[in-house]
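Thanks for coming, everyone. Let me put the model up on the screen, and then we'll go through some helix packing and the ligand site.

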Amino acid sequence: MSEYYRNQAASKKYLDALLTLATPTVHDVVLDVGTGSGTVCFFLGERINRIYGIDPNRDLIVKRRKEAQELIDKREVLPHFNVTFLELAAEDVKEQFKQSYFDTVVCWGYVHHFRDLDKAMESIRHVCKPEGKLIVFDAFFPEPIRDFWELASTIHDPSTVRHHTYFEYMEMLRKNSFMPKLIYPFRHSMDLDKWLDTIKGEDEVVANDIRSRLPGKYDAWLEQAQQKGLRQTLREEILNLDEEKKVFITLRDLGSNRYEFTYDTFVLLATRNE
Ligand SMILES: C[S@@+](CC[C@H](N)C(=O)[O-])C[C@H]1O[C@@H](n2cnc3c(N)ncnc32)[C@H](O)[C@@H]1O
């Protein structure tokens with residue numbers, strides 16, 4: 001679990017914002033949509049009545065259950081560590097839980113992975129109780145850099161679907177009866193080469209994964225980029241962005257062929273209308 005605690009330290013500012021905005025109580029029942037590494041479940045598990053971490057990736061769910069059990073067995077958590085991990089997609093929570101079941105729904109780094117945005121949001125709205133909270137942690141990409149960064153993120157993680165601008169988030173929330181209340185903005189900085197190094201898998205595996213998830217969308221780019229290598233092509237394209245786009249990711253030359261970029265992240269609170 002030490003790796004888990006190290007990861008938490010890196011995201012402390014976001015988790016602090018989660019605590020402030022979600023103001024969890026021991027009576028709350030919470031849904032963590034796209035639980036992935038389970039950050040939100042492990043963080044809130046001792047503070048609330050129950051938290052359900054859902055993810056359609058069975059392997060992740062099996063790992064999270066094992067980790068949770070280890071924590072309980074080693075008595076590293078308080079007896080009221082009420083975490084349940086379920087293999088389930090956001091789009092299907094409506095079928096699994098009663099209407100208005102949750103006090104709070106959290107989408108932690110997940111909205112840009114929504115495959116069926118409308119169905120997922122409608123499902124979340126259905127299970128969140130009136131005046132209940134929706135907490136979203138994600139990134140905003142301004143219009144001029146959005147499409148390029150969507151491609152870059154997809155190479156980095158093929159399950160990326162769509163990055164949204166600030167106004168699209170507001171529209172998405174209002175359309176689904178959520179009233180945006182507070183946003184904590186942050187900047188996230190990354191070392192370009194360290195970020196490229198975290199791309200998992202050989203080029204062919206990454207490319208095939210993207211082709212199967214998003215047929216046609218990046219086929220031409222992938223075919224070209226595979227000649228030089230996905231990472232190298234992406235690196236050059238980032239360094240050769242026009243000045244306006246560079247400003248939006250505050251690309252900085254650190255010397256010795258090292259570069260840093262940043263992007264806008266946020267933690268947001270919205271409440272469900274009656
Ligand atoms: C970037 S991760 C989210 C990070 C995660 N909340 C954490 O704290 O580690 C995106 C997660 O969404 C999951 N996912 C993909 N499609 C999904 C869906 N339709 N419904 C719910 N989760 C989904 C993926 O399996 C992945 O674990």
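Predicted model: local features only at pLDDT ≥ 70, side-chain atom pairs only at ≥ 80, totals over all residues.

Helix 11 is residues 219-228, and its packing angle with helix 12 is about 105 degrees, with the axes 6 Å apart. Axes here are lines fitted to C-alpha atoms over the stretch in contact, and angles run from 0 to 180 degrees between N-to-C directions. The helices themselves are DSSP runs (H or I, at least four residues), numbered from the N terminus. On the helix 11 side, the residues in contact (heavy atoms within 4.5 Å) include Trp-221 and Leu-222, and they meet residues of helix 12 including Leu-230 and Leu-234. By class, that contact has five nonpolar, three polar and three charged residues. For those classes, Ala, Val, Leu, Ile, Met, Phe, Trp, Tyr, Cys and Pro are nonpolar, Asp, Glu, Lys and Arg are charged, and the others, Gly among them, are polar.

Next, helix 7 (residues 143-156) packs with helix 12 (residues 230-239) at about 155 degrees, axes 11 Å apart. That makes the two roughly antiparallel, which is the word for angles over 145 degrees. Phe-148, Trp-149, Leu-151, Ala-152 and Ile-155 of helix 7 touch Leu-230, Leu-234, Glu-237 and Ile-238 of helix 12. That's eight nonpolar, no polar and one charged.

Then there's helix 10 (residues 203-213), whose axis comes within 10 Å of helix 11's and crosses at roughly 175 degrees. So helix 10 is roughly antiparallel to helix 11. The residues of this contact divide into three nonpolar, one polar and five charged.

Last stop, the ligand. Ser-37 has a polar side-chain atom 2.5 Å from a ligand oxygen, and Asp-55 has one 2.6 Å from a ligand oxygen.

Notes. Residues numbered from 1 in each chain as written. Heavy atoms only, no water. Parallel < 35°, antiparallel > 145°, perpendicular 65-115°, else oblique. Polar contact = N/O pair within 3.5 Å; in protein donor to acceptor, adjacent residues only side chain to side chain.
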